[in-house]
Amino acid sequence: MIAIGFEGSANKLGIGIIKDDEILSNVRHTYITPPGEGFLPRETAQHHREHVLPVLKKALEDAKLTLKDVDVICYTKGPGMGAPLTVAALVARTVAQLYNKPIVAVNHCVGHIEMGRLITKSNNPIALYVSGGNTQIIAYSQQRYRIFGETIDIAVGNCLDRFARLLNLSNDPSPGYNIEQLAKKGTKFAPLPYVVKGMDVSFSGILSHAEERIEGWLKSKEYTAEDLCFSLQETVFAMLIEITERAMAHVGSSEVLIVGGVGCNERLQEMMGVMCRERGATLYATDERFCIDNGVMIAVAGLLQFKAEGRSTAWNKTNCVQRFRTDDVLVTWRD
């Protein structure tokens, strides 16, 4: 079966097409703001409206298909930013009605997990889901993706983005990527708050701490921008690895899968790899093609759901939900 996925929950607009387990196309367009600025819902939605049809056309061209060839339409129901979510959902609904195709509403987080499982061929891993809007430790049990721990305030990706703004770093290609490159040149560690509370983590205090001191640090040359990026990564990634290892011990898992936009950070993968080797476990991760929000992951999860249930989402339920929890989804396609 052929499925097309529409993703637009944040600043990345993605449309991807799959044929069963084969990826036919994966097209993405990113809304990039000036240095020091974040992206707001209204402007992000406007970006998606302007680019959704060219992205759709390119995805179909890459796959060498037309919409008549597609068997099922999949879209991101949530979580995400309301206005951008509705743009992708509206286009998906329109396509489904025009071509009389079934439509499936997909949880964004579940899309990341199923995409990761498909690409890496991992079996039943503990999933570390790290992105601009979400930070969760997840394990599968009894037809649910159970959340073992999560952020109690902001997501790790949002922490990186806002830290980049303090340093006035470029948003092209992304703030997190530019922090990663500067961190490779850092040599001096600046102590930052390390906040792990049981299985949960907190990142807002790190930002508050940095906001109060960053100007003085740079002005006195006590630390360079490279040192601060290095220190931030080492601190927040160590927090994530601690709760991941604790979840592995709890369920007896020997696999870790990193998903979400922050998951393509090479230093995070390196640090997680060390922990996994010490435990005799296997680390699974992907690159920016599949870690960063994309339409393929929505198509993958949507097709799994459609095949398992044999029916599409009811039209009165093809809405968007900004706070759509990972563990709200009944995972009908797994035992």
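## Briefing: sheet, helix packing and annotated sites

In strand β2, G14 is the bridge partner of E7. This pair is taken from a predicted model. The strands concerned, β1 (residues 2–7) and β2 (residues 12–19), pair in the antiparallel sense over 6 bridges.

**Open sheet**

- Strands of a sheet pair through backbone hydrogen bonds, in either a parallel or an antiparallel manner.
- An open sheet is formed by 5 strands, in the order β3-β2-β1-β4-β5, with mixed pairing.
- Its edge strands are β3 (22–30) and β5 (103–107), each of which pairs on one side only.
- From one strand to the next, the twist averages 20°.
- Helix α2 lies across β1, β4 (72–78) and β5, and runs at about 160° to β4.

**Packing of α1 and α2**

- Two packed helices are described by the distance between their axes and the angle between those axes.
- For helix α1 (residues 41–63) and helix α2 (residues 82–98), the axes come within 7 Å and cross at roughly 25°.
- Because angles under 35 degrees count as roughly parallel, α1 is roughly parallel to α2.
- On the α1 side, the contact is made by P41, T44, A45, H48, R49 and V52.
- On the α2 side, the contributing residues are A83, P84, V87 and V91.
- By class, the residues of this contact divide into 7 nonpolar, 2 polar and 1 charged.

**Annotated binding site**

- According to an unreviewed UniProt entry, the annotation "binding site" covers Y129, V130, S131, G132, G133, D161, G176, E180 and N265.
- Among these positions, G133 is placed in the loop between β6 (126–130) and β7 (135–141).
- G133 has a relative accessible area of 57% and is therefore exposed, the cut-off for exposed being over 50%.

**H250 in helix α7**

- H250 has its place in helix α7 (residues 225–251).
- With a relative accessibility of 62%, H250 counts as exposed.
- H250 and F148 are 102 residues apart along the chain, and their C-alpha atoms are separated by 9.6 Å.

Conventions
Residues are numbered from 1 along each chain as its sequence is written. This is a predicted model: local features need pLDDT of at least 70, side-chain atom pairs count only at pLDDT 80 or more; totals for chains, interfaces and linings use all residues. Side-chain values use heavy atoms; hydrogens and water are left out. Axes are lines fitted to C-alpha atoms, for helices over the stretch in contact, and angles run from 0 to 180 degrees between N-to-C directions. Helices (H or I, at least four residues) and strands (E, at least two) are DSSP runs, numbered from the N terminus. Angles under 35 degrees count as roughly parallel, over 145 as roughly antiparallel, 65 to 115 as roughly perpendicular and the rest as oblique. Contact means heavy atoms within 4.5 Å. Ala, Val, Leu, Ile, Met, Phe, Trp, Tyr, Cys and Pro count as nonpolar, Asp, Glu, Lys and Arg as charged, and the others, Gly among them, as polar. UniProt positions are given in the numbering used here, feature names are shortened, and annotations may be inferred rather than shown by experiment. Buried means under 20% relative accessible area, exposed over 50%, partly exposed in between (1.4 Å probe, protein chains only). Two strands pair if DSSP finds at least two bridges between them.
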